[in-house]
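The tour goes from one selection to the next.

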Amino acid sequence: MRSSTGNRSTADGFTAGEGGRRAGPGRDLSALLAGAATGIAACGALLALIGSGSPLRGPCALFFLLAAPALAIAVALRGLDPFGRLIAALAGAVALDMLVAQAMLTVHRWSVTGGIVAVTALSLLILAAGRVRQRPGAREGSKTGQSFVTAKPTDS
């Protein structure tokens with residue numbers, strides 16, 4: 001069934017726009033959730049860094065400590081299927097947080113602010129490494145950005 005604008009009506013009554021996207025409610029829910037998660041994580045980091053006495057400081061800071069490294073690791077693992085990437089990113093985030101905590105406790109320099117800064121710095125390094133590694137066309141003639149050495153046959 002086509003409307004006057006050329007869009008098709010789907011089985012649930014919503015109009016599918018260009019490219020088959022839904023044009024009804026809930027069409028961009030993933031972008032909304034990503035924005036909300038970013039806001040919560042940023043508030044958690046900010047509240048922890050300024051030493052606020054807000055009751056939201058703890059949960060939001062813990063969310064930041066899990067979300068920041070998980071996002072960086074997920075970007076670095078783009079080749080995996082989504083569920084595998086989610087599990088690997090969450091496991092890597094927990095491992096990174098535990099590594100930072102153990103290192104800070106070992107040198108007797110534990111602080112909430114130091115932990116937030118350390119996790120942020122390591123997450124940014126992982127994110128930068130993943131982005132540099134996946135830059136398309138990094139080498140002329142390469143479609144995937146990966147460099148392979150090919151041996152040419154020699155006449156002997």
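Start by selecting Phe83. In this predicted model, Phe83 is exposed, with a relative accessible area of 58%; it counts as exposed because the cut-off is over 50%. Phe83 sits in helix H3.

Which helix gives the largest share of the patch? Helix H3, residues 82-106, does, with six residues.

Now select the whole of H3. H3 has 25 residues and spans 36 Å from its first C-alpha to its last, close to the 36 Å expected at 1.5 Å a residue.

Stay on H3 and colour Ala89, Gly92, Ala93, Leu96, Asp97, Val100 and Met104. Are these residues buried or exposed? They are buried. Show helix H2 (57-76) and helix H4 (112-133) as well: the buried residues of H3 pack against both. For the spacing along a helix, recall that an α-helix has 3.6 residues a turn, so residues three or four places apart point the same way.

His108 follows H3 and has a positive phi, near 55°.

Finally, colour the chain by pLDDT. The mean for the protein chain is 80, and 68% of its residues reach 70 or more. Where pLDDT is low, the predicted coordinates should not be read in detail.

Definitions and conventions: Residues numbered from 1 in each chain as written. Predicted model: local features only at pLDDT ≥ 70, side-chain atom pairs only at ≥ 80, totals over all residues. Heavy atoms only, no water. Helix = DSSP H or I, 4+ residues; strand = E, 2+ residues; numbered from the N terminus. Buried < 20%, exposed > 50% of the residue type's maximum accessible area, 1.4 Å probe, protein only. Expected span 1.5 Å × (residues − 1). Contact = heavy atoms within 4.5 Å. pLDDT = per-residue confidence, 0-100.
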